[in-house]
Amino acid sequence: MAARQKQRHVRVGEDNGSWRGRFEAMASPCELLCEATGRAEAQRLTEIVANEAWRIEDKFSRYLPGNIVDQINSAGGRAVEVDPETAQLIDFGVTLYQLSERRFDITSGVLRRIWRFDGSSNIPTAAQVDEVMNDVGWHRVTWESPSITMAAGMEIDFGGIGKEFAVDRAAALLREETSVSCLVNLGGDLAVTSRPKQRNTWKVGIEAVNRPADMPASLLNLQIGALATSGDARRFLVKEGVRYSHILDPMTGWPVQDAPRSITVAADTCTQAGMLSTLAMLQGKGAETFLEAQDVSYWCDRGYLPELDSVAP
Amino acid sequence: MVAADVAATKGSIMGNNSKLSISGALAAATCTLLGSGLPEPVQAQEEPGWDFNTALLYYGEDGDRVQDLSLNILSRRAFIDDKFLSLGLTVDALTGASPNGALPQSSAQTFTRPSGEKTYTTPAGELPLDDSFRDTRVALTASWQQPLGRLYQLSFGASASAEYDYTHAGLNAKLARDFNQRNTTVSAGIAVAHDSLDPVGGTPIGLAPMLGEEDTSNRMGDQTKDVLDIVFGVTQVMSRNLLMQFNYSYSDASGYLNDPYKILSIVDGVTGDAIPTNDFGDDGPSQLNVFEKRPDTRVKHSLFTQAKYYMNGKVLDVSYRYMTDDWEIDSHTVDLRYRWPIGDRSYLEPHFRFYTQTEAEFYRASLIDGQPLPEYASADYRLGNFDAITAGLKYGWKTGSGNDMSVRLELYQQSGSIPSEQLIGNQLDRDNYPDLNAVILQFSYRFGL
């Protein structure tokens, strides 16, 4: 906890005609870009964003003893009454569970007990998966808002929602506070609060996985709206030549087959963008087809295709 | 709630498509979660920009030999759906002197210039260098790359170049397919080229003697060369840190493959000295020489393998190439690079390359007077037996505006030898194949527009 607090400070600097505030939250580098008039204003706006990100992290992190997630997960079968914000997040999780036909499930976090995506070949056995699957499934939970009851051993986890939710919450606080255009970026999930005035757009780069130096990243002009990315090239397992993605299917307890390495989606809010990219990931091979049907802008990375030696002499 | 109504309507309109209704329902649920009104609709467009890779390269050989200043601009435009247009421009300015193939002698040697106009003289004891080497080359390339279905990548392109006495035109295409969850990429490429030579004063006839000024009876008209290249490759992601590539390539060249500026000395079979001649007075060669002649076909096979190993931002890049051809040149190339990050914004990259080749079967240091001419002969040092080492260092950094800059300095040293059975008499006492040293300095700048 001491170490966590130690990292909690913001640094503000001028950057290409706008202000940039940096801080760490949710184990990611975070930043606020804004068209503030001066350092003091940039500092104040960055602190608003950072404090909201840290508040949400503390409240919903599954690693922090004593918070609401810990109370629910360690209730040992007893009912736990939750506050309105937590209730809304759970309701949102339920909607996604239904929309995704059970593929998005806030009780699936316990699968991490057996799946450790560290690039190794530590694949769990079918028996291990079956055993953990006894603790997975929203249908086993009794949710009568604001009261949640689930069997001992089961856990809920807002890891799939928290960061995007924090981006949108921070953006909403900034909109109440200022008309200055801000870009909130929490570890790559980001939103713009209002149309920029000093420039036409905010420019955002989308990096391809293992991008070689001679291949440009896609550069995006974002006037208004949000972007979120699912997937991480560094989180996977390889065994006997089969690559296991870190996207787990809560229906089976096994990684989704043929999932892209990463998907970035543009949407009105960061939460929508994040959920669409996550749901697309869960479609595996059908990710692009799913996204096409949603009529959203997206960038799907199925791995960098290395250039071969030039054919020409 | 207004937002939810709008979203629900959107959902029901699209209700016949259950997947599409997800965005509507999701929008409604998000509004409820965030407790906010309907946000302004997203506006994001991919930057339709160009990516420019520019480089200025200086290559200089010591001892007044070849100097090349080369400007290279490669631009790439990304379109939506992973399509790319690439356009390249290279301008080379070449000056300096190059060995003409004749051996050093104990007396001065005079040669007719390749143009057939005027002569030049090499002092006694020095390697004859033709200093009329001066040219500007302009080369253009264009290529288009696009996905073909979900697993295929297709690219095709064209190239052309022009210099004073040489033009090149080529076409190429490549198809790649991904397998094994995109951990394996298999590709096949083909390139064809048609080149024309039009040396000043005509193209020398192989093994014809060097004549005096203005005598073109040893010359013929324009000549052409056709080249076909085929490449098969496999790229394999071995682990999260290791990427490997294997290529086989085949190259078939036919037509006029001689270097029109290279000659061989005609020497005495006992002393090894060039045979003097007075046939041309002051207006031609002072000793006997003939133009080189190579076979009119050449088939090369090469195998290439490369491994790139990533370790916390450091990259080790090792490659090896084996090439063999029907001129009996075998070569091996080992190339090592190590990218070593310094902070977030810069890196150092040491580079080491070793190259070795055997001589062509028709490589001859000289031809003996009075003996029948062989079918083919060349004294071009590039077809001889030599080793070469390149060692250098590159420093790259990101500029304040996020562009990439780098500077590279490399030293090149080539040392060759003539097979001892080809050396006769006094030739054994002379340095017929001096070492070649060169320096390479390159500035690169990569930016987007």
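A helix crossing is called left-handed if the near helix is turned anticlockwise from the far one by less than a right angle, and right-handed if clockwise. With that in mind, let's look at this predicted model, beginning with a pair of helices in chain A whose crossing is right-handed: H6(A) and H7(A).

**How H6(A) and H7(A) meet**
- Helix H6 of chain A covers residues 162–177 and helix H7 of chain A covers residues 270–282; their axes come within 8 Å and cross at roughly 160°.
- Angles over 145 degrees count as roughly antiparallel, and H6(A) and H7(A) are therefore roughly antiparallel to each other.
- On the H6(A) side, the contact is made by A:Glu164, A:Phe165, A:Val167 and A:Asp168, while H7(A) brings A:Cys270, A:Thr271 and A:Gly274.
- These contact residues divide into three nonpolar, two polar and two charged.

**A closer look at H7(A)**
- H7(A) has 13 residues and spans 18 Å from its first C-alpha to its last, close to the 18 Å expected at 1.5 Å a residue.
- H7(A) is mostly covered, with 13 of its 13 residues buried.
- A:Gly284, which follows H7(A), has a positive phi near 60°.

**Meet H4(A)**
- Helix H4 of chain A (residues 84–99) has 16 residues and reaches 22 Å from first C-alpha to last, close to the 22 Å expected at 1.5 Å a residue.
- Its buried residues include A:Leu89, A:Phe92 and A:Leu96.
- The buried residues of H4(A) pack against several elements of chain A, among them H6 and H7, together with helix H2 (21–34) of chain B.
- Just after H4(A), A:Glu101 has a positive phi of about 50°.

Methods:
Residues numbered from 1 in each chain as written. Chains lettered and ligands numbered in written order. Predicted model: local features only at pLDDT ≥ 70, side-chain atom pairs only at ≥ 80, totals over all residues. Axes fitted to C-alpha atoms, helices over the stretch in contact; angles between N-to-C directions. Helix = DSSP H or I, 4+ residues; strand = E, 2+ residues; numbered from the N terminus. Parallel < 35°, antiparallel > 145°, perpendicular 65-115°, else oblique. Contact = placed C-beta atoms within 7 Å. Nonpolar A, V, L, I, M, F, W, Y, C, P; charged D, E, K, R; others polar. Expected span 1.5 Å × (residues − 1). Buried ≥ 20, exposed ≤ 12 C-beta atoms within 10 Å, placed from the backbone.
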